[in-house]
Amino acid sequence: MVLAELQDVHFTYAYADTPALKGVTLTLEQGMLHGIVGLNSSGKTTLCGLLRGIVPSFHHGELTGRTTILGRELADWNPDELATTIGCVFDNPFTQISGIRDTVFEEIAFGLENLGVAREDIITRVIQVIEQLGIEALAEKNPNELSGGQRQKVAFASIIAMDSDVIVIDEPTSQLDPEASEAVFEIIAGLKKLGKSIVLVEHKIDLVAEYADTVTVLHEGRVALTGTTREVLTDPRLRSFGVTPPQVTELAERLAASGRPLSRVPVTRAEAVELIGERMREEVGGGYRTA
Amino acid sequence: MTVTSLQEVADGYRQPRSLGNPILDLNPITTLCVIVALIVTGIALGGWVPSLAVCLLFMVAAVVAGRGRTYLPLILKLWLGVGLILFLLRALLTPGHVLIPLGRIAVTTEGIEQGLAFACVVMAICGGVTLFFEFVPMRHLTLALERLGVSPQASYVLLASFQAITDLGATAKVVLEAQTARGVETEGNVFMRVRAFFPVLAPVFLSAMAATEERAIALDARAFNSSTRHTSLVELRRTRRWEPVLAVALGVIAVGVIVGRALGWF
């Protein structure tokens with residue numbers, strides 16, 4: 001089943017002069033991790049808002065074109081129903097917690113309380129999510145006193161607890177240090193293993209390369225490139241849209257430019273390790289050559 | 001934390017919430033009614049003695065409830081910072097029989113009486129409000145209100161307003177520290193501090209307003225606007241039968257005192 005289908009979608013925020021999305025046509029399949037990349041103001045967050053239904057029900061503006069979410073027209077979705085069907089996590093860890101719960105346990109339970117889940121079921125589900133994310137040490141802490149990375153984990157836990165099949169994640173690591181970023185991506189990888197459909201906006205292209213199944217590049221509100229992660233991240237036009245390829249891809253490009261290309265262009269670290277290992281074995285076997 | 005202790009945390013939510021003291025475990029609405037009734041009775045009886053007695057009663061209640069260590073220093077500061085000033089202003093500025101002349105002003109007998117009465121009334125109110133928030137966690141109050149039919153949205157506004165005070169304070173501190181790092185004088189005498197503080201207000205409130213939109217979306221993502229009847233992880237203790245009786249009895253006494261005073265019975 002198709003997660004989302006956009007056909008010639010244009011959106012202009014109320015009070016804005018220029019459209020944030022200009023003729024976006026895009027199909028996102030279910031059960032995959034879709035990476036969305038692009039420069040600032042390229043329309044990534046607006047696209048997330050559209051998939052979540054925040055655009056145009058919360059952020060008003062002029063929306064044209066056809067948007068279908070899980071086989072139903074966006075306009076036919078009840079906003080409450082869409083909110084529970086598609087979970088979302090944002091970039092700012094400080095505004096994602098409710099601010100009114102005394103412990104992380106209660107914070108994670110908040111969404112389930114709002115859905116009218118019975119107390120015992122809430123407790124079972126919260127324990128399950130806390131164990132799944134390995135945040136047992138935070139259970140009794142006050143969410144308002146956590147670090148940014150810890151809050152982001154709690155935000156994920158809160159959304160996971162609600163068991164949405166689709167999760168839209170907008171720059172989850174933009175305010176986090178490398179260690180916390182890795183931890184967040186481990187959570188995202190765990191969600192992918194569970195078969196969740198994920199739409200991920202992220203600037204850290206190396207991490208997108210590691211985890212995404214497809215990548216879409218947005219540029220000035222338009223879809224500049226879209227396809228499998230490999231197709232997009234090895235596309236020679238990528239830089240012209242302000243997106244730098246992964247480090248390992250750049251390395252392969254430089255080797256190719258120096259006349260010693262790898263057998264194929266890697267986009268993930270694992271691929272690079274494999275290809276460079278292969279090259280080293282060849283060179284050791286055949287004697288070192290100079291470029 | 002081990003799995004066992006996570007289970008212990010979870011088990012805590014399986015039981016009705018107890019603060020470990022019969023006074024603290026009163027239903028928040030009972031506590032509110034009792035405190036309001038005592039304040040009203042104290043004020044309606046007139047003079048400074050009843051209001052002072054109410055203040056003392058609040059202090060005793062705090063000690064018995066095991067909150068004396070936090071309540072007493074706070075109320076002492078209020079007495080010194082608010083009560084004393086109110087008393088002095090009345091004692092020095094009310095005309096009447098002069099006890100101690102101090103140039104153009106004087107301490108008068110009437111001033112002392114009025115000062116004592118006014119300070120004790122204000123302190124009874126301050127003491128009651130402080131005691132209420134010492135005894136009742138905001139979350140318990142909103143749960144009790146929701147049990148009475150108040151909407152989760154209204155209780156959220158109440159809880160978030162109190163949390164906003166803490167958040168604004170934290171943001172102001174961050175902005176002040178940033179100003180200090182840029183070489184702006186933020187330390188020194190009162191005037192220096194005030195001069196440094198006022199420019200901070202605009203960024204603090206603007207950032208709070210910007211965060212409101214994101215928080216609204218975050219709440220929406222947690223199905224806060226769901227029309228389903230919300231449940232609650234935290235459960236308040238069952239209200240004991242005598243609690244409404246106590247609240248109503250004290251309320252009747254308070255109304256009786258007001259009526260009695262109005263009719264000149266005492």
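**Helix packing and the chain contact**

Tutor: Happy to, and keep in mind that this is a predicted model. Let's begin in chain B, where B:Thr31, B:Leu32, B:Ile35, B:Leu38, B:Ile39, B:Gly42 and B:Ile43 of H2(B) meet B:Val121, B:Ala124, B:Ile125, B:Gly128, B:Leu131, B:Phe132 and B:Phe135 of H5(B).

Student: What classes of residue make up that contact of H2(B) with H5(B)?

Tutor: There are 11 nonpolar and 3 polar residues, with no charged ones.

Student: And at what angle do H2(B) and H5(B) pack?

Tutor: About 170 degrees, with the axes 10 Å apart. An angle over 145 degrees counts as roughly antiparallel, so that is how H2(B) and H5(B) run relative to each other.

Student: How do the axes of H2(B) and H9(B) cross?

Tutor: They come within 9 Å and cross at roughly 20 degrees. That makes H2(B) roughly parallel to H9(B). The crossing of H2(B) past H9(B) is left-handed.

Student: Which residues make the contact there?

Tutor: On H2(B) they include B:Cys33, B:Val34, B:Ala37 and B:Thr41, and on H9(B) they include B:Glu243, B:Leu250, B:Ile253 and B:Arg261. By class, the contact of H2(B) with H9(B) has 14 nonpolar, 3 polar and 2 charged residues.

Student: Staying in chain B, which residues of H6(B) are buried?

Tutor: In H6(B), residues 138–147, the buried ones are B:His140, B:Leu141, B:Thr142, B:Leu143 and B:Ala144. What covers them includes H2 and H7 of chain B.

Student: What happens just after H6(B)?

Tutor: B:Gly149 takes a positive phi there, about 110 degrees.

Student: OK, switching to chain A. How do H4(A) and H5(A) cross?

Tutor: Their axes come within 10 Å and cross at roughly 125 degrees. H4(A) and H5(A) are therefore oblique to each other. H4(A) passes H5(A) in a right-handed crossing.

Student: Which residues meet in that pair?

Tutor: From H4(A) you have A:Phe105, A:Ile108, A:Ala109, A:Leu112 and A:Glu113. Their partners in H5(A) are A:Ile122, A:Arg125, A:Val126, A:Val129 and A:Ile130. The contact of H4(A) with H5(A) splits into 8 nonpolar, no polar and 2 charged residues.

Student: What about H10(A), which residues are buried there?

Tutor: In H10(A), residues 247–257, A:Val248, A:Thr249 and A:Ala252 are buried. They lie on the same side of H10(A) because they cover an arc of only 105 degrees around the axis. On the other side of H10(A), A:Arg254 and A:Ala257 are exposed.

Student: Why would residues a few places apart point the same way?

Tutor: An α-helix has 3.6 residues a turn, so residues three or four places apart do point the same way.

Student: Nice. What follows H10(A)?

Tutor: A:Gly259, with a positive phi near 85 degrees.

How values were computed. Residues are numbered from 1 along each chain as its sequence is written. Chains are lettered from A and ligands numbered from 1 in the order in which they are written. This is a predicted model: local features need pLDDT of at least 70, side-chain atom pairs count only at pLDDT 80 or more; totals for chains, interfaces and linings use all residues. A residue is buried if 20 or more other C-beta atoms lie within 10 Å of its own, exposed if 12 or fewer, and partly exposed in between; C-beta atoms are placed from the backbone. Helices (H or I, at least four residues) and strands (E, at least two) are DSSP runs, numbered from the N terminus. The arc is that of the directions from the helix axis to the C-beta atoms. Axes are lines fitted to C-alpha atoms, for helices over the stretch in contact, and angles run from 0 to 180 degrees between N-to-C directions. Angles under 35 degrees count as roughly parallel, over 145 as roughly antiparallel, 65 to 115 as roughly perpendicular and the rest as oblique. A crossing is left-handed if the near helix is turned anticlockwise from the far one by less than a right angle, and right-handed if clockwise. Two residues are in contact if their C-beta atoms, placed from the backbone, lie within 7 Å. Ala, Val, Leu, Ile, Met, Phe, Trp, Tyr, Cys and Pro count as nonpolar, Asp, Glu, Lys and Arg as charged, and the others, Gly among them, as polar.
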